[in-house]
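Hi,

Here is the structure I said I would pass on.

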Amino acid sequence: MRQIFISYSHQDEAWKDHLLSHLNVLAGEGLEVWDDRRIAAGDDWLPEIERAIAACDVAVLLISRHFLTSKFIAGQEVPPLLQRRQAQGVRVIPLIISPCQWQRIDWLKAIQGRPRDGKPLSGMSQHDADLVLSNLAGEIADLAPSAAIPTQPTAEMPPRIGFFHFPAGAEHFFGREEELAVLDAAWADSQHSHVVEWVAPGGVGKSSLVKRWLENVQRDGWRGARRVYVWSFYSQGASHDRQASDDDFLSAALAWFGVKLDPATHPWDKGQRLAEAVAASRTLLVLDGVEPLQYPPGPLAGELRAPGLKALLECLASVGQPGLCLVTSRAQLTDLAQYQRNASRPAGAVLRRQLGNLGELDGARLLHALGANKAGSVAVNNDDEELKAASREVRGHALTLSLLGRYLALAYAGDIRQRAQVDFQEADDELDDGRAFKVIAAYEHWFISHEKNGERELAALRLLGFFDRPASLKSLRALRQPPALPEVSLPLVNLKPTQWQATLQRLVDCGLAFYNEDNTALDAHPLVREYQAKVLQTRFRPAWRQGNKLLYKLLADSAKHWPDDLEGLQPLYQAVVHGCRAGLYQQALDEVYHERILRGTEPNGAYSIHKLGAFGADLGAVACFFAEPWQRLAPGLSVGDQAWLLSVAAFSLRALGRLAEGLEPMRAGAEMRVEQADWKNAASSYGNLAELQLSLGRIALAVADAERSVDYADRSGDAAWRMALRTTLADARHQQGKQEAARRGFAEAEAMQAERQPQHPLLYSQGGFRYGELLLAEAEQAAWGGPATAEGSEACAQVAQRAAQTLAWAEINQASLLSFPRPRPLDPRPLRALRRPAARSPARRGRPAAHRSRCRRPAPGRHYGPSPPWPPHPRLAAPLPERSPRRASRSRRSPAHRRARRHEAPSRRHRPDPRPAV
């Protein structure tokens, strides 16, 4: 294994990533690349760099003016590398990436670099630069390992291991030899197999297979893996009606891999950066149970609705990596179909396998190991025909066999013939989990009729149905406090600690539950939780509401009022879930979602979005207020809040690239604003709708909605919106091909702008971007015509003048091009966009500049020229309607709350709402 150290200035990171993409192609030939982005959060960075320099066989120096003027590089990296080159024969390869006076540096001019003629890569075409980098990667791969002077032997650094939320595997494991061999082969051939996808229904044994293979790999010293990262999404629940998010995973994984990003970065970009970190060395990445992040059966079945995870997997599949990504799910990942290995694509990077049920012999062995080892009173071997017959009857479904074996051992002394006590005849023949549910029902009957303390155990089992993730012991304790939940928790009230512990242990012995690693939470297979939740909702509705109300209060009261990070917000997101399940829709909206998750919607509000980029987590919270996602809101919400939630749902869907889904709630919210004669919010909603229609290529509909937005803006009398939405309409007409009408629209808007802000008479921000796009489109068309080049030159000069003036205003105001005169960090992206040729179709609008590596593509639904999401004040951006002010609820007027609020929260006299332009 040759270690490659890359020395570079962070201002040249794009070139570093480009080089990495070429080196990773040859990772299977024994190349391992190190750069400082591999330093994990919390590690001492200087010793890490020193160890990497001491261990490398090859060093590539990315030469630029930034590199040559870096004091750290000159003092800490170059000297030890040159010393090792002189003393030990380490290869040091300068790579000239941009013009600089490298020839005047004595040590540098003495070393043969690349390109051979010293021509900087920045001056080459993309093809020529790629050719140089590809050839360099080949040179490095062909180098013999350094052996000039032996160095002091050093022990190989052990791999870094991280397991997060991974469920306990099966106690007994039989069969699956072929599946384990597939994984062994994929890891050994990771140069060609980048992603392995196991697909199977719930309870078949996907997690157990992964766990057993990881145990085998660990026993072999991790087989050359430098990092092993395992994450299970089952902790978010597995039901299709939940809007699960990848935000928590992205935040934790980026921190673990040492990637420093602004938390508000879009999930798509987070996924791409995570992919780069994963591919930087031989990494084993395991993503277990991703189905909560996929669309349920329907037109989009199997497609990922989490942009960060989608970007991560597509990058690993398309660009490649030296390690392996292992994914399990109940549904095929349709996003990876284009990379799947099959007869027409034998070199595909994604290996998809269906995991079948256990064979009859392996099923019989499992039953025997779990205690079903008798036929009547006679002991039988693990290949007995009656055991095989029982395995066939449940179709080898692993979870059903596991539950059945323990049930027979506990209830009938292991007599396999007593399996007739479980009525499998009524189970759905199409669903394996139906048979598992039948065994759970048999356990319930046994608890009631035969067990000494069966009522306690059944009540404890019922409590697991309140959770879609591991249940903390603190939460379970709250649910068994008096007063008892009607018809559910009475047997658990006032139990002694030893009795409670014995009750939970009995559930563990039955295989119905298990503790997490630190014994702070009790978990169960998702199918067990789903079954109990269904029972509570249908048979014990009062207990369902009361229990969720208790959990709502517990989570809301125990969490910090305003958490700082995504991990701290998780209890509040869960409080919203339980509050809505309890029917406390308005209270959960007022007290938790709006007040504590968003921190209000004033200009400095929308904290979860502005500061943490938690688009998916917020959408999951908003979904709780819908009786039917994006179509029908829950009863009991005020009319104003219903319109507001529809708009927020549309915004979040749009931000996540789920554009078509966002249309329905956006239009419903807009229509409600019209019914309320709320003209300003109606105007902003229809402006949002017009932009969304345009993004989907529905130009005629976009023009119609933009015309309505202008009409309602005029009725509102708000000068800013009257001007802003005219640019939306003009842009739609431009995309429709009506250039003159578009030009008149922009001219009218600019006249309004000059009247409104005489000191800034030109359109700026999003409106200025759109106007510049129109002018550049005319210049481009003039260039196609040939003779009319003067007209095109004049348009280009006008755009350049406007861009220069806008930049000057932004610099004077110390503000972003998207938001001045309000002070914000300068964002140069719109100016760069103005210098590119204008788009000729909606599909090309808002396309970002070249990215740092092949896998860095624009996120679906994102605009790079227009303003970022949730702008803090009216400007040339599509707005989200304001939420009407509401009187504080009684609970918030309690003395304790008032004391907390004096210390932690600003005044909430009104709620002007942020407005998204994604």
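Below is what I found in it, starting with the whole chain and then going place by place.

Keep in mind throughout that this is a predicted model.

**The overall picture**

The protein has 918 residues, and 58% of them are buried. Its secondary structure comes to 34 helices and 17 strands. If you take the contacts with a separation of 6 or more, 72% are between residues 24 or more positions apart.

**Two helix pairs**

Start with α1 (residues 13-23) and α6 (residues 126-142). Their axes come within 9 Å and cross at roughly 55°, which makes α1 oblique to α6. The crossing is right-handed. On the α1 side you will find Trp 15, His 18, Leu 19, His 22 and Leu 23, and they meet Ala 129, Asp 130, Leu 133, Ser 134, Leu 136, Ala 137 and Ile 140 of α6. Sorted by class, that contact has eight nonpolar, three polar and one charged residues. If you wonder about the spacing of such positions along a helix, an α-helix has 3.6 residues a turn, so residues three or four places apart point the same way.

The other pair is α27 (residues 679-695) with α29 (residues 719-735). Here the axes are 10 Å apart and the angle is about 20°. An angle under 35 degrees counts as roughly parallel, so α27 is roughly parallel to α29. This crossing is left-handed. From α27 the contact takes in Lys 680, Ala 683, Ser 684, Gly 687, Ala 690, Glu 691 and Leu 694, and from α29 it takes in Trp 721, Leu 725, Thr 728, Asp 731, Ala 732 and Gln 735. By class, there are six nonpolar, four polar and three charged residues in the contact of α27 with α29.

**Around α13**

Next, go to α13 (residues 385-393). Its N-terminal end is capped by Asp 384, with a side-chain oxygen 2.8 Å from the backbone nitrogen of Glu 386. Within the helix, Leu 387, Lys 388, Ala 389, Ala 390 and Ser 391 are buried. The cover over the buried residues of α13 includes α12 (360-369) and α14.

Just after α13 comes Arg 395, with a positive phi of about 60°. Arg 395 sits in the loop between α13 and α14. At 39% relative accessibility, Arg 395 is partly exposed.

Glu 393 also has a partner to look at: its side chain makes a polar contact of 3.0 Å with the side chain of Arg 419. Arg 419 is in the loop between α14 (398-411) and α15 (432-449). Is Arg 419 buried or exposed? With 13% relative accessibility, Arg 419 counts as buried, because the cut-off for buried is under 20%.

**Backbone details to check**

There are two cis peptide bonds to show you. One runs from Arg 114 to Pro 115, with omega near -5°, and Pro 115 is in the loop between α5 (106-109) and α6. Another runs from Pro 482 to Pro 483, with omega near 0°. For that one, look in the loop between α17 (473-479) and α18 (497-509), where Pro 483 is placed.

Arg 176 is not a glycine, yet it has a positive phi of about 65°. Arg 176 is in the loop between β5 (160-164) and α7 (177-188), and it is buried, with a relative accessible area of 8%.

**Two more positions**

Val 90 lies in the loop between α4 (71-88) and β4 (91-96). Its relative accessible area is 2%, so Val 90 is buried.

Ser 251 belongs to helix α9 (residues 247-256). With a relative accessible area of 37%, Ser 251 is partly exposed. Ser 251 and Leu 274 are 23 residues apart in sequence, and their C-alpha atoms are 9.9 Å apart in space.

Cheers

Technical notes: Residues numbered from 1 in each chain as written. Predicted model: local features only at pLDDT ≥ 70, side-chain atom pairs only at ≥ 80, totals over all residues. Heavy atoms only, no water. Helix = DSSP H or I, 4+ residues; strand = E, 2+ residues; numbered from the N terminus. Buried < 20%, exposed > 50% of the residue type's maximum accessible area, 1.4 Å probe, protein only. Polar contact = N/O pair within 3.5 Å; in protein donor to acceptor, adjacent residues only side chain to side chain. Axes fitted to C-alpha atoms, helices over the stretch in contact; angles between N-to-C directions. Parallel < 35°, antiparallel > 145°, perpendicular 65-115°, else oblique. Left-handed = near helix turned anticlockwise from the far one by under 90°. Contact = heavy atoms within 4.5 Å. Nonpolar A, V, L, I, M, F, W, Y, C, P; charged D, E, K, R; others polar.
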